[in-house]
Amino acid sequence: MVQIVKPGILIDFVSKFKLAVSISIILIVVGIGHLIIKGPKLGIEFKGGTSIQVEFDKPIKVTQLRNAIKDSRIFSDSRIQNIGSSNKRFIIYTKVSTSSTTKSIEDALKPLLKSKFGDTFKILEVDMVGPKIGKEFRDKGIIAIVLSLIAILIYISLRFQYRFAFGAILALIHDVLITVGFLSLFGYEFTLDVVAAILTIVGYSVNDTIVIFDRIREKVRSNRKLSNVEAINQGISETLSRTVLTAGTTLFVVLALFLFGGHALKGMSFALLVGIISGTYSSIFIASPVLLLFKGQLIPEKKEVDSTDRFKQQIEFDIKQRGG
Amino acid sequence: MKTSTWAKLIIVFSVVAIFGAYTLPTIVGKKNAKYISELLGGILPTDTINLGLDLKGGMHLVLGVETDKAVFAVLSRAANNLQQQLLNAKIAADKVIPSGKDATIKIYLVDPKDTDKAVNIIMDNFPNYKIVSQGQPIVIKLKEQIVEKIKKQAVEQAINVIRNRVNQFGVTEPTVVRAGENHIVVDLPGIKNANRAVKLLGETARLELHLVDDSVSVADALNGNLPPDDEILYEIKRDPTTGEITKVPFVVKKEPIITGDMITNAHVMFGGPLNQPYVAFELNSEGAKIFADFTATHIGKRLAIVLDNVIYSAPVIQSRIGGGRGEITGNFTLEEAHDLALVLRSGSLPAPVKILQKVTIGPSLGKISIDKGKKAMIFGSLAVILFMIFYYRLSGLLADFAMALNIVIIFGTMVMLHATLTLPGLAGIALTVGMAVDANVLIYERIREELLIGRSVHDAVNTGYARAFITILDANITTLIVALILYQFGSGPVKGFGITMAIGLLANIFTAVTFTKTVFDIVLEKFRPQRLSI
């Protein structure tokens, strides 16, 4: 049997809480600080503007491209990004967009490139977003993130006690902040895809946290003499191999997306990469120890038999019946 | 075997068969799928998965209908009408000004004593308006529900017109749908000449024939001496050699004689000394009658052909024109004439449209994206598959089969629902692959624990599944909530991401739990193993 984590191992995770919180706070402060000082790098779908992806037959220099377009009013303060390593594909970003159906931004670009590079280029993609709809996308993105946090808060409150919901949400906010901070630090843009990735991280992180919470609850119920610290440490330790394995398989895939998925998936897969690592870490080091901030038993005895328990007992009864 | 095991086995086989059948065409290609289906008597589906624009190339447009302008058009007509009625009642009005912003018309009377009489006329003849102020000016306001109705109709009509134009433009599988209150989303897959299409869709194409008012000199009118029922419109001429543009002003009657909604057909014809293209149009019976009567009584006068407030030509009426036919000449290229005929055929937009978002993706980029996405998915899945076998041996292999089944179900469901696979959707599937094995990891770890505390293989498997099931359910439901929110709030590609995740998670409960458990049940009953390969 191949094992990553030795069975029966018991690690004192709770005692590392202070250290973990310090590391997290430093990372968040650095990341979010960077975001606030530099300002968020919004994708054009959020702020409006036009991006044009051009491919040249032969490699060219960015400065050549910049010189070709800098005298135009539309492209004078545009940003140029080199895609891949071939020096053939570039994205030109400009803040200008047009709502007119008769004029287009790419029609303004074509003659500029043509006079300098002849017919050696091809426009691969044009993405133009008007400022009005950009605001709509922004609002929708924020609503979506807030809504999912609320929905998860409600779900966990229903399925566990309030302190669990508190722990899970704290871990979620932690993951979102870390991811957003890292995106800013590494110069990634906030696009719709990235928002989708952040929401996915929210889902993934809760998933991870719930597995651990479930085990902690089971520990408390099976042995009422267990202290809160013991229950939490045992719960995390016993699910540790699963936590590591799942994070591992998901990371394999996300890493493949990041490395081979091409430019279009870069931002999204980077966010997922950071978020999954952060989500795994926070489930262990943040969400669970936070449960101790509240005084008293993790699960009060009078709430012992709720509907889920009855369901669980029924299942166990069935197992005994069949197994016996 | 127990009946319950048989039942599960049948369910598993049916699921594999159904979703497999829907996935097959996407794997082998539509042509081969048709061939296979024919061999089997045509029972198999032949639809392949619907690729998003980001994968196959094309254009995505979000248009905003300027509904305020539709309201303004109604107000202007009412204002003209009112002015005429006041004139008939011998009430002198200085100005009658419509305002689209607050949906009001302001009436400035020459003599304030006429106010009561004017108000009576308004109350009798303009039931859609309420009187806001009876002072100087009189202010009347279009009722709120009428404004809403006009806006709603404008959007609906715009969708119909645009759909018409898209259909005539000749793209395969275009979609034109309403989004939000006044947005129209147009997807044109595989379109080559994107900018021409945009021009075509966005053209208001309001054709009107106006009588040129020769009793007023153009110079006078430009100096401000414009009779209230006249307006100044321009003919735009382009010199074919120098490309220089000149604007020629005309004084025309405000009230059009013929409007575009009377046009039943339009097509390109060739004629004139240079055999140039022009657009010939046909009118409906009402239009034909008006046209015939009007031309009969106005011989020698000029008739301006106005498209979207620009005069194309102003020919002199030579004789009565019967039969309801007319033509628009101008220095058209063949393409321009073709597009003009098309927009006239498909009707005019009730209000101008603006581009809010435009995404054009070349087919080559879509291909790059598919190739890269595929590559990433294959590498990622391969790593997961090998790892699972390495770690859990035969049970790991079983989890791999469950994962493969999960992907088949995602593809099959998407084909069934005609859902669209986008690039982020592809990432969603890849991610589901990573998370799909999670349920099995949870179960297997639990079984290992149960085995370690000394339970029999049979007990360990059953307890492992039962214990892990609730956790799996909890964990999947929370992620599902997020996936549904993504689907609801996302647009285009992100929606695709949400839908693949949602299907993947639902399928996961079946593949990772029901499917693998069935296999375990059969193995346990048939072979009664003393050890598990886990």
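An open sheet of eight strands runs in the order β2(A)-β3(A)-β1(A)-β4(A)-β18(B)-β2(B)-β8(B)-β7(B), and its pairing is antiparallel. Its edge strands are β2 (79-83) of chain A and β7 (175-179) of chain B, each pairing on one side only. From one strand to the next, the twist averages 20°. The model is predicted.

- Within chain A, strand β1 (residues 49-56) pairs with strand β4 (residues 121-129) in the antiparallel sense, over eight bridges.
- Phe56(A) has Phe121(A) in β4(A) as its bridge partner.
- Helix α3 (residues 62-69) of chain A packs on the sheet. This helix touches β2 and β3 (89-94) of chain A, and its direction makes about 145° with that of β2(A).
- Opposite Val129(A) stands Gln357(B), in β18(B).

**Where the chains touch**

- Contact between the chains involves 65 residues of chain A and 69 residues of chain B.
- On the chain A side, β4, α5 (131-159), α7, α8 (228-260), α9 (266-290) and α10 (307-323) each supply at least two residues.
- The largest share of that side comes from α7(A), with 13 residues.
- By class, the side of chain A that touches chain B has 34 nonpolar, 19 polar and twelve charged residues.

**Helix α7 of chain A**

- Helix α7 of chain A covers residues 192-222, which makes 31 residues.
- At 1.5 Å a residue, α7(A) should span 45 Å; the end C-alpha atoms are 45 Å apart, so the two values agree.
- This helix is mostly covered, with 27 of its 31 residues buried.

**The six-strand sheet of chain B**

- Chain B also has an open sheet of six strands, in the order β11-β10-β16-β15-β9-β12. The pairing here is mixed.
- β11 (245-253) and β12 (258-259) of chain B stand at the edges. Each has a single partner strand, so one side of each lacks a neighbour in the sheet.
- Strand β10 (residues 230-238) of chain B pairs with β11(B) in the antiparallel sense, over nine bridges.
- Arg238(B) stands opposite Ile245(B), which is in β11(B).

**The nonpolar core**

- In soluble globular proteins, nonpolar side chains tend to be buried together.
- The largest nonpolar core here has 241 residues. Those with the most contacts inside this core are Ala158(B), Ala304(B), Leu344(B), Ala430(B) and Leu486(B).
- Helix α11 (residues 363-416) of chain B gives the most to the core, with 20 residues.
- Setting aside neighbours within four places in sequence, Ala158(B) is in contact with Val65(B), Ile184(B), Leu349(B), Pro350(B), Ala351(B) and Val353(B).

**A closer look at Leu75 of chain B**

- Leu75(B) lies in helix α4 (residues 67-88) of chain B.
- This residue has 23 C-beta neighbours inside 10 Å, so Leu75(B) counts as buried. The cut-off is 20 or more.
- Not counting residues up to four places away in sequence, Leu75(B) touches Pro98(B), Gly100(B), Ala103(B), Ile105(B) and Leu142(B).
- Between Leu75(B) and Lys301(B) there are 226 residues in sequence and 30 Å in space, C-alpha to C-alpha.

Technical notes
Residues numbered from 1 in each chain as written. Chains lettered and ligands numbered in written order. Predicted model: local features only at pLDDT ≥ 70, side-chain atom pairs only at ≥ 80, totals over all residues. Pairing = 2+ DSSP bridges. Helix = DSSP H or I, 4+ residues; strand = E, 2+ residues; numbered from the N terminus. Core = buried A, V, L, I, M, F, W, Y, C linked by C-beta atoms within 7 Å. Buried ≥ 20, exposed ≤ 12 C-beta atoms within 10 Å, placed from the backbone. Contact = placed C-beta atoms within 7 Å. Axes fitted to C-alpha atoms, helices over the stretch in contact; angles between N-to-C directions. Expected span 1.5 Å × (residues − 1). Nonpolar A, V, L, I, M, F, W, Y, C, P; charged D, E, K, R; others polar.
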